[in-house]
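Hi,

Here is the structure I promised to pass on. Have a look at it first, and then read my notes below.

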Amino acid sequence: MDAHNGKPATEPPPARLTVDGKHVELEVRSGSIGPNVIDVGQLYKDTGCFTYDPGFTSTANCASKITFIDGDKGELLYRGYPIEQLAENTSFLAVCYLLLYGELPTNAEFINFRRTITNHTMVHEQMTRFLTGYRRDAHPMAVMVGTVGALSAFYHDSTDINDTRQREIASHRMIAKMPTIAAMAYKYSVGHPFIYPRNDLDYTSNFMQMCFAVPCEPYIVNPVLSRALDRIFILHADHEQNASTSTVRLAGSSGANPFACVAAGIACLWGPAHGGANEAALNMLQEIGTVDRIPEYIAKAKDKSSGFRLMGFGHRVYKNYDPRAKVMQKTCHEVLDAVGSKHDPLLKVALELERIALQDDYFIDKKLYPNIDFYSGITLRAMGFPVSMFTALFAVARTVGWIAQWKEMIEDPEQRIGRPRQLYIGHPRRDFPAE
Ligand code: SDX
């Protein structure tokens, strides 16, 4: 291993491919850990063929130093640090610094970073007019997509992506303002007045007070719940090139401003196959209702024609237990104990559903395990968040991952506008019918 860049001292031998009798050699590149990649950038020029990989199951779209997942081992590293160690030993804001800058902050760096983020938590007062333009029953993710995109209209002084300082200010603004916007979306949905940020509170406690405080009485943050939510934010902060992160990268590759790119990421995260799964998983557990109905739903999940899937189960990369789900389950028990709901019937259904599924050959053969979304819904509901807010909370946490990946892409000399090709299966050329 080469000391200074973490790459192997000797590159692997090239891959050899024969297409229509033509032999080509393709460079094979190694990272510091994980699978090698076959560089197919010249494939079309050399063979006249494209690669074909819908869903990008075997396709790397970038080189990145931020996050690494070993799906077989069930390992997740942020800048090399295991997720379970970060969740146990540090704060979400320190993890934001780590993801953005590559190293854990010194005490002085953390104090400075916290002050910077704190001073960006307010949004332009006129943004409240966007909120009041929505229906009260608008889904919070609809509000988030629209309002975050609108940040581009207010913060012109940090939209020049070629200016290093503007990129940094935009990154800080995104991390700082997402909790404020998410809290405003929640308050608007319940008809409460918006609660301003408080600079005397830490990042996650401030978010909780913006959600749950009312002007009529002081709000006391429950330290157990605040620590639990902070840990949940750490678990959701980044996850390699997942669908929403890839969306942010692709939007950013055209030179779009970071606020617009994050709005695109929020839109993608909303899908039930992705970040919307936490809301869908809780709705599923509520629909199952009792332990005796679990076998009926297991059977439905195994029946392709049903179109039903166990929400919160399965993952494109993890073919072993999602390490975040383990920490989430532990946090779930802590929160339920803290709020006096340790006998929550939904937790009983979730634990029994997991036990049965993990013994069932269908799930074992397809390597389907609970993912981060399986226990998060029960936990967030116990904290007082409505189901409709679950994915918005995921977006608050994932913003730092989107921004760190966007910044890495902008600063990557290899980056170009993303423009995939296709396998065309439509009509060959044909003329417009004569009169
Ligand atoms: C997140 O990418 C990320 O990193 C995402 C994420 C992040 O932090 O950014 O980790 C967050 O999105 C977690 C995933 C949340 N989604 C869900 O919980 C929704 C339910 N899960 C699935 O829809 C599915 O497992 C996916 C979308 C998560 C993964 O889909 P893949 O990798 O494309 O797998 P697949 O759809 O090809 O499924 C493989 C097989 C299929 O059966 P066969 O066609 O091979 O016979 O497994 C089956 C599927 O039918 N299957 C399931 C299942 N998930 C997959 N069967 C029942 N229940 C499920 N949940």
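This is a predicted model: local features need pLDDT of at least 70, side-chain atom pairs count only at pLDDT 80 or more; totals for chains, interfaces and linings use all residues.

Cys216 counts as exposed because its relative accessibility is 71%.

Cys261 is another one to look at. Its closest cysteine sulfur belongs to Cys268 and is 13 Å away, which is again too far for a bond. Is Cys261 buried or exposed? With 0% relative accessibility, Cys261 counts as buried. As for disulfides in general, a search of the whole structure turns up zero. A pair of cysteine sulfurs would have to lie within 2.5 Å to be called one.

**Around the ligand**

Next, the ligand. How many residues surround the ligand? There are 24, and the closest are His239, His315, Arg316, Arg324 and Arg398. By type, the shell divides into ten nonpolar, seven polar and seven charged residues.

Arg324, one of the closest residues, places a polar side-chain atom 2.7 Å from an oxygen atom of the ligand. The backbone takes part too: a nitrogen atom of the ligand is 2.8 Å from a backbone N or O atom of Leu310, and a polar backbone atom of Ala273 lies 3.0 Å from a ligand nitrogen. As for cover, the ligand would expose 1,100 Å² if taken alone, and the protein buries 77% of that.

**Strands**

Strand 1 (residues 15-19) and strand 2 (residues 22-26) pair in the antiparallel sense, with five bridges between them. Together they make a hairpin with two residues between the strands. Asp20 sits in that turn and has a positive phi of about 50 degrees. If you want a pair to look for, Val19 stands opposite Lys22 in strand 2.

Further along there is an open sheet of three strands, in the order 5-6-7, with antiparallel pairing. Which strands stand at the edges? They are strand 5 (67-70) and strand 7 (81-82); each has a single partner strand, so one side of each is left without a neighbour in the sheet. Strand 6 (residues 75-78) pairs with strand 7 over two bridges, in the antiparallel sense. Within that pairing, Tyr78 is found opposite Tyr81 in strand 7.

**A covered helix and a loop tyrosine**

Helix 3 (residues 92-101) is mostly covered, with nine of its ten residues buried. Among the buried ones are Phe92, Val95, Cys96, Tyr97 and Leu100. After helix 3 comes Gly102, which has a positive phi near 95 degrees.

Finally, take a look at Tyr134, which is in the loop between helix 5 (128-131) and helix 6 (140-150). Tyr134 counts as partly exposed because its relative accessibility is 23%, and the cut-off for buried is under 20%. Where does Tyr134 lie relative to Tyr188? The two are 54 residues apart in sequence, and their C-alpha atoms are 8.9 Å apart in space.

Cheers

Definitions and conventions. Residues are numbered from 1 along each chain as its sequence is written. Side-chain values use heavy atoms; hydrogens and water are left out. A residue is near a molecule or strand if one of its heavy atoms lies within 4 Å of it. A polar contact is a pair of N or O atoms within 3.5 Å; within protein, one must be able to donate a hydrogen and the other to accept it, and residues adjacent in sequence count only if both atoms are side-chain atoms. Accessible areas come from the Shrake-Rupley method with a 1.4 Å probe; for residues, only the protein chains shown count as cover. Ala, Val, Leu, Ile, Met, Phe, Trp, Tyr, Cys and Pro count as nonpolar, Asp, Glu, Lys and Arg as charged, and the others, Gly among them, as polar. Buried means under 20% relative accessible area, exposed over 50%, partly exposed in between (1.4 Å probe, protein chains only). Two strands pair if DSSP finds at least two bridges between them. Helices (H or I, at least four residues) and strands (E, at least two) are DSSP runs, numbered from the N terminus.
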